[in-house]
Amino acid sequence: MTDTSSSFDTPLAHELAEIRRRKQALASSSLPLPSKTRIITVSNQKGGVGKTTTTVNLAAALARSGAKVLVIDLDPQGNASTALSVEHRADVQSVYDVIVSDEELGDVVQKSPEFDRLYCVPANIHLAGAEIELVSLVAREQRLGRALRRYLDSLDEPFHYVFIDCPPSLGLLTINAFVAATEVLIPIQCEYYALEGLSQLLQNIQLIERHLNPDLQVSTILLTMYDSRTNLANQVAQDVRDHFPRETLDTIIPRSVRVSEAPSYGQSVISYDPNSSGSLSYLEAAAEMARRGVMPKKSESTNGEGE
Ligand SMILES: Nc1ncnc2c1ncn2[C@@H]1O[C@H](COP(=O)(O)OP(=O)(O)O)[C@@H](O)[C@H]1O
Ligand SMILES: [Mg+2]
């Protein structure tokens with residue numbers, strides 16, 4: 001009964017072969033580096049859709065490929081700081097000091113132990129009050145953008161990517177992120193109600209583009225927490241692709257236990273379990289983003305209003 005040919009025909013063998021094929025494809029070519037810093041805000045006012053997970057793992061994937069990457073944690077929960085193993089106790093200087101107290105960004109940046117060229121501006125609990133404190137400050141929508149621009153201009157060796165991890169709201173912190181960025185990445189969870197609230201998010205982005213940051217565009221939509229066993233996930237994925245054929249990445253991030261375990265070890269899934277399906281998917285998504293580069297703005301031919 002030791003039929004060796006059939007032992008290669010098991011689901012497990014198929015899975016292993018598939019993982020090997022994906023690893024080879026990922027290893028076979030290096031990723032292009034952008035000529036100008038890409039500043040990408042990861043936003044969706046819904047909580048728990050994978051913003052932080054996406055920020056941390058795309059940043060780690062790109063840093064692993066040789067890019068110099070900065071993550072700005074703009075959520076008072078500080079989950080991105082935790083996942084990147086960056087100190088963010090209440091007495092540590094953080095993004096709050098930059099936005100509210102005009103501290104230089106360069107003074108609060110920390111290196112993440114995750115990858116060589118991966119850096120993080122941490123967030124801590126002080127940021128929870130910033131939404132209210134910002135209201136009475138001058139240039140309240142531009143504070144992060146100006147600090148980031150000053151920092152980037154001061155560097156000899158530029159960053160290739162800056163990711164900003166937004167809180168689950170459309171308040172002043174998120175507006176600061178939209179003003180600082182050139183691109184928005186929207187993670188969409190493959191679940192019911194996935195598209196709810198999306199038109200409000202897009203409207204807000206359009207307002208920012210019209211009044212505060214003409215360079216802003218929704219460049220990337222990433223489907224997350226996909227469970228291929230459910231029809232619903234397939235329907236949601238198809239729906240999103242129908243609405244956003246240009247922006248939606250081919251790569252879909254599957255629901256994976258390894259992805260959700262990694263932050264509790266202060267790690268991205270890229271270093272925690274490099275061969276897991278979650279890690280491979282984030283590496284593939286990062287490769288797709290790097291290869292696509294920055295697309296020309298869609299609105300340029302249709303919007304005659306100018307600024
Ligand atoms: N692909 C995935 N598979 C399994 N769990 C995931 C995945 N992506 C995110 N999670 C988990 O879902 C929860 C919400 O994700 P998170 O990235 O924190 O969302 P957000 O930042 O939008 O609130 C976290 O507990 C996270 O670990
Ligand atoms: Mg988050």
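Biologist: At what angle do helix α3 and helix α13 pack?

Modeller: Keep in mind that this is a predicted model. In it, α3 (residues 51–64) meets α13 (residues 277–292) at about 70 degrees, and their axes are 9 Å apart. Angles from 65 to 115 degrees count as roughly perpendicular, so α3 and α13 are roughly perpendicular to each other.

Biologist: Which residues make the contact?

Modeller: On the α3 side you have Asn57, Leu58, Ala61 and Leu62. From α13 come Tyr282, Leu283, Ala285, Ala286, Met289 and Ala290.

Biologist: Okay, new topic. Which residues come nearest to ligand 1?

Modeller: Lys51, Thr52, Thr53, Val259 and Ser260, out of 17 residues around ligand 1.

Biologist: Which elements give two or more residues to that shell?

Modeller: α3, β7 (217–226) and α11 (257–261) do. Our helix α3 gives the most, with three residues.

Biologist: What about confidence, what's the average pLDDT?

Modeller: The average is 92, and 94% of the residues score at least 70.

Biologist: Where does pLDDT stay under 50?

Modeller: Residues 1–5 are one such stretch, and they have zero contacts beyond four places in sequence. Residues 301–307 are also below 50, with one contact beyond near neighbours in sequence.

Notes: Residues numbered from 1 in each chain as written. Chains lettered and ligands numbered in written order. Predicted model: local features only at pLDDT ≥ 70, side-chain atom pairs only at ≥ 80, totals over all residues. Axes fitted to C-alpha atoms, helices over the stretch in contact; angles between N-to-C directions. Helix = DSSP H or I, 4+ residues; strand = E, 2+ residues; numbered from the N terminus. Parallel < 35°, antiparallel > 145°, perpendicular 65-115°, else oblique. Contact = placed C-beta atoms within 7 Å. pLDDT = per-residue confidence, 0-100. Near = placed C-beta within 6 Å.
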